[in-house]
Structures are given as structure tokens and as C-alpha cells.
Amino acid sequence: MLVPTDGSDYAARGVEHGMELATAHGAHLHVLFVVYETVYGSTPAFSSYEVFLEQIADEAEEVAENIVEDATERDIDSTMSVLRGVPPKKILEHAGNNDIDLITMGKRGATGVEPPHMGSVTNRVLRGADVPVLPV
């Protein structure tokens, strides 16, 4: 099972639900954080662009590690990945490359689209996935 996160409270709902499902079904949990360079990549000086992205990637790794630590405490077998790129594309690629049979994710992410609308990343994953997607 794949649980993508961006570290937001909205994404945490998907992660929590994914952990509950993994516990109930003995599933392996893949935690994925995609650093979206377009969102995080606006810095005042171009020379600091790569340094800034590395800082965001480090923060993303910490978020993913905390989720894996929580999963381990619940006796859930888990792994984590931090990638750079366009989130829906990277989520779908990761699912295809890792024998994922379910993607569980928050309905919204860091941008906090207002209800009843679904976030654009979740919407694109739903439309492009070859496996079931459970928005929470």
C-alpha cells in the first residue's frame, strides 16, 4: 500500500487511514513524499535554489521517517522514499514500480483546497492510477 504525504494535516488523514488498513490486512506500507520543485522552488536568489530544495528534501525525509517510526511502533512493515518532481506523476510511477495494489491519500494536501473540492494531486492520481485509490 502506498501512502503519499506532503506533511500537511490533510495528508496525515490519509497516512493514518493507510496505517489502519495496513494493520488490519498485514500490508507493507510505502511512505512517499514528493518535493514539488515548482511549489517549493521559488527563492530570492537563483544560486540558493538547489540549497533551498535540499533543505525541503531534508524536511521531507524527516516527515517520512517519523511516519515510518510510527508504523514500526504499530508493527507495520514499512519503507520510505523522498523524490523530486511533479507529485501525481511521481506517485503513479512509484506505484507502478513497486507492485502497489492500493494508494491511500488525503483528499487535499498542503494547498488546503476548500471542501467539497478535492485537491489537484489527489484528482490526478485518481484519474491516472491503474490501482484503486482511496481518498480520505
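## Salt bridges, strands and cores

The side chains of Arg74 and Glu16 form a salt bridge, with 2.8 Å from N to O. This is read from a predicted model. The pair links distant parts of the chain: Arg74 sits in the loop between α3 and β3 (78-84), Glu16 in helix α1, and 58 residues separate them. Arg74 is partly exposed at 30% relative accessibility, and Glu16 is partly exposed with a relative accessible area of 30%. Together with Asp70, these residues belong to a network of salt bridges: Glu16, Asp70 and Arg74.

The count of salt bridges comes to four. The table gives three pairs, including the one above.

| Pair | N to O distance |
|---|---|
| Arg74 and Glu16 | 2.8 Å |
| Arg84 and Glu54 | 2.7 Å |
| Lys90 and Glu93 | 3.6 Å |

Arg84 and Glu54 meet through their side chains. Arg84 belongs to strand β3 and Glu54 to helix α3, so this pair ties together parts 30 residues apart in sequence. Arg84 is partly exposed at 26% relative accessibility; Glu54 is partly exposed too, with a relative accessible area of 38%. Lys90 and Glu93, by contrast, both lie in helix α4 (residues 87-97), three residues apart, or about one turn of the helix. Their relative accessible areas are 23% for Lys90 and 33% for Glu93.

The protein as a whole has five helices and five strands. From the N terminus, the order is β-α-β-α-α-β-α-β-α-β. Of its 136 residues, 38% count as buried. Among contacts between residues at least 6 apart in sequence, 70% join residues at least 24 apart.

Strand β1 (residues 2-5) is covered on both faces, with Leu2 and Pro4 buried on one side and Val3 and Thr5 buried on the other. In a regular strand, side chains alternate between the two faces of the sheet. Strand β1 runs parallel to strand β2 (residues 29-35), and four bridges join them. Val3 has Val31 as its bridge partner in β2. Between these strands the chain passes through helix α1 (residues 9-25), and the β-α-β crossover is right-handed.

The largest nonpolar core has 14 residues, of which Met1, Val3, Met19, Leu29, Val31 and Ile76 touch the most other members. Elements α1, β2 and α3 (49-73) each give two or more residues to this core. Apart from this core lies another, of 10 residues, among them Ile91, Ile103, Met105 and Val125. Leu29 touches residues including Met1, Val3, Met19, Ala71 and Ile76.

Methods: Residues are numbered from 1 along each chain as its sequence is written. This is a predicted model: local features need pLDDT of at least 70, side-chain atom pairs count only at pLDDT 80 or more; totals for chains, interfaces and linings use all residues. Side-chain values use heavy atoms; hydrogens and water are left out. Buried means under 20% relative accessible area, exposed over 50%, partly exposed in between (1.4 Å probe, protein chains only). Contact means heavy atoms within 4.5 Å. Two strands pair if DSSP finds at least two bridges between them. A crossover is right-handed if, with the strands pointing away from the viewer, the path from the first strand over the helix to the second runs clockwise. A nonpolar core is a set of buried Ala, Val, Leu, Ile, Met, Phe, Trp, Tyr and Cys residues joined through side-chain atoms within 4.5 Å. Lists of a residue's contacts leave out its neighbours within four places in sequence.
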